[in-house]
Amino acid sequence: MRRFVCVWFPHWPMERLKRARTTPWPVEDGAPFVLTETCLHGRTLAAVNDGARALGLEPGLRFTDARARVPELMAEEIDREADHIALKRLTLWMTRFSPLTAMDGPDGIRLDVTGCAHLFGGEEAFLATMKRALEALGLTPRLGLADSAGAAWALSRFGDCAVQISGPGKAREALTPLPTSALRLEAGTVQILRRFGLTRIGQLYGIERTALARRFRNREAAQDVLLRLDQALGVRPEPLIPLKAPARFTARISGPEPLLSLGGIEDALIKLLAELTRQLEEAGKGARRFILTGYRSDGTRTSASLALSRPGRDAGAIAKLFAPRLEAMDPGFGIDLMTLSAHGTGPLEAIASALPDGAALPGTDPAETAALVDRLNARLGDDLVAIFTPFESHLPGRSEALTPFPGALKPWPQTTHRTGPRPLIVLDRPEPVETIAILPDGPPARFTWRRVTRSVARADGPERIGPEWWRGKADGVRARDYYRVEDEDGHRYWLMREGLYDDQRGGTPRWYVCGLFP
């Protein structure tokens, strides 16, 4: 049976602002203070503290009316975007309790805690631990635990105490005394139910569904009541879309005291790797990406990730690759929980053991190449090691591209058409030159490149390559002639003329240096 927890923060905007504020709080404890926002009806109250609520001020009241009642009322503008960002970060931090967490409106969090409570000593201890952790952050949470997300939502917001637990299969009894507004219905729908004397959820149980639907003129409102009632009772499923998809392979570790040093993080990583690689070995898989996450005691997270060229699960090698990245993990006020997850999992490739020296055949060892790339990426950054890969184009400047190392060196495909010799050094971008040609279709007699004039002693060409008209408009695309030339000092260049003198496409042809021969 699935179990869900809903956490509601009734004073979320106010408490979020108090935690984020760097200046002193504008009022003394117990003094009225409100947050306002501007809407279609003018400036209204968006959130109030206990002092303001004691004086009869409630969210939704116009600010002018509130000031008329409390002339000394202090107010600030609410920041909805900051509230949303902070709630999102808190939701990610709550993955320490369950990998399936999602935001629940502007002031709540929903968790699928199926199979998680036993890790904390049972459901009561689980919720008590969660409540203490949130209160340590300066928040005032209300928690509900039930078989469905709808029932947990109702218990967290309308329960008698801050922690409400409905036992397995007991959602029907737990919801009976709660008001119909606990079904997450629109205010107008709740008002219609009240007109018929239906103020409690338990009163809806004994009414036939067809009779209940006939009480509403609006068919959508009737269907909404039945849907929310079925979701709360667990009759109809209500999917939880997690804010972050959980990893299939995850290891976690927590200690009696928060970790404050790099040595503690390294020790925790070794233990996490032992558990995670055991899970991968049992599944016969390896992983290409590992993410180490530390949950700080102040409600924030710190993480470090590692990407491999091919799936692996060697704990010792992974620990060495992680070492330079652990220095960037700031423990802050202490890390009290750490997790290590594996992503991009796949089967491991069978690799033969290396032969003794002198007995191995010449060539490149794929495993050694991948290990070298992993060490370079660990030092320099993920995907910074790139290789040239073929690209479908007969233009020399577009026939290859730099891509991140895919895990193995693949053989370069053999071309079926003949080409002229290619230089060893190819410029990233052709550089323009000024030339003096002997004949319109011949090589240049002299050319100036990088402010130096060079006289051509020998030349070979041209190698003419037509434009790739199928990749776009042919209008303005010109043919190219490539020449291999040597100057009087023996330096050899790869020159390219873009356009022909009589092609009537863009005026006088332009010359470029594309590469250098050794």
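Predicted model: local features only at pLDDT ≥ 70, side-chain atom pairs only at ≥ 80, totals over all residues.
Asp104, Arg110, Arg184 and Glu238 are joined in a network of salt bridges. In total, the structure holds 25 salt bridges. Side chains of opposite charge can pair when their charged atoms come close. Several individual pairs are worth a visit with the viewer open.

Helix H1 (residues 12–20) packs against helix H4 (residues 80–93) at an angle of about 85°, and their axes lie 10 Å apart. The two helices are therefore roughly perpendicular to each other, since angles of 65 to 115 degrees fall in that class. On the H1 side, the contact is made by Trp12, Pro13 and Arg16; on the H4 side, Ala82, Asp83, Ala86, Leu87 and Leu90 take part. Within this set, the side chains of Asp83 and Arg16 form a salt bridge, with 2.7 Å from N to O. Because Asp83 belongs to helix H4 and Arg16 to helix H1, the pair ties together parts that are 67 residues apart in sequence. Both Asp83 and Arg16 are buried.

A second pair brings together Arg236 and Asp230, whose side chains meet in a salt bridge at 3.0 Å, N to O.

Glu463 lies in strand E17 (residues 452–465), while Arg422 is in the loop between strand E14 (400–404) and strand E15 (425–437), so the pair ties together parts that are 41 residues apart in sequence. Glu463 counts as buried because its relative accessibility is 15%, which is under the 20% limit. Arg422, with a relative accessibility of 33%, counts as partly exposed.

The side chain of Asp487 does reach backbone nitrogens, however: that of Asp489 at 3.1 Å and that of His491 at 2.8 Å. Apart from its neighbours within four places in sequence, Asp487 is in contact with Arg454, Ser455, Val456, Ala457 and Tyr493.

The backbone also has some features to look for. Most residues other than glycine have a negative phi, and most peptide bonds are trans. The peptide bond from Gly461 to Pro462 is cis, with omega near 10°. Pro462 is found in strand E17, the strand that also holds Glu463. Positive phi values occur at Arg450, where phi is about 55° although the residue is not a glycine, and at Arg451, where phi is near 65°. Arg450 lies in the loop between strand E16 (444–449) and E17, and Arg451 is likewise found in the loop between E16 and E17. Arg450 is exposed, with a relative accessible area of 54%, and Arg451 is exposed as well, at 84%.

Two further buried residues complete the tour. Val385 is placed in the loop between helix H13 (366–380) and strand E13 (386–390), and with a relative accessibility of 16% it counts as buried. Beyond residues up to four places away in sequence, Val385 touches Val373, Leu376, Asn377, Thr403, Pro404 and Phe405. Of these contacts, Pro404 is 19 residues from Val385 in sequence, with a C-alpha to C-alpha distance of 6.0 Å in space.

Gln164 has its place in strand E8 (residues 163–165). Its relative accessibility is 18%, so Gln164 counts as buried. When neighbours within four places in sequence are left aside, Gln164 is in contact with Leu127, Leu143, Gly144, Leu145, Leu155 and Gly159.

Note on methods: Residues numbered from 1 in each chain as written. Heavy atoms only, no water. Helix = DSSP H or I, 4+ residues; strand = E, 2+ residues; numbered from the N terminus. Buried < 20%, exposed > 50% of the residue type's maximum accessible area, 1.4 Å probe, protein only. Contact = heavy atoms within 4.5 Å. Polar contact = N/O pair within 3.5 Å; in protein donor to acceptor, adjacent residues only side chain to side chain. Axes fitted to C-alpha atoms, helices over the stretch in contact; angles between N-to-C directions. Parallel < 35°, antiparallel > 145°, perpendicular 65-115°, else oblique. Salt bridge = Lys/Arg side-chain N within 4 Å of Asp/Glu carboxyl O.
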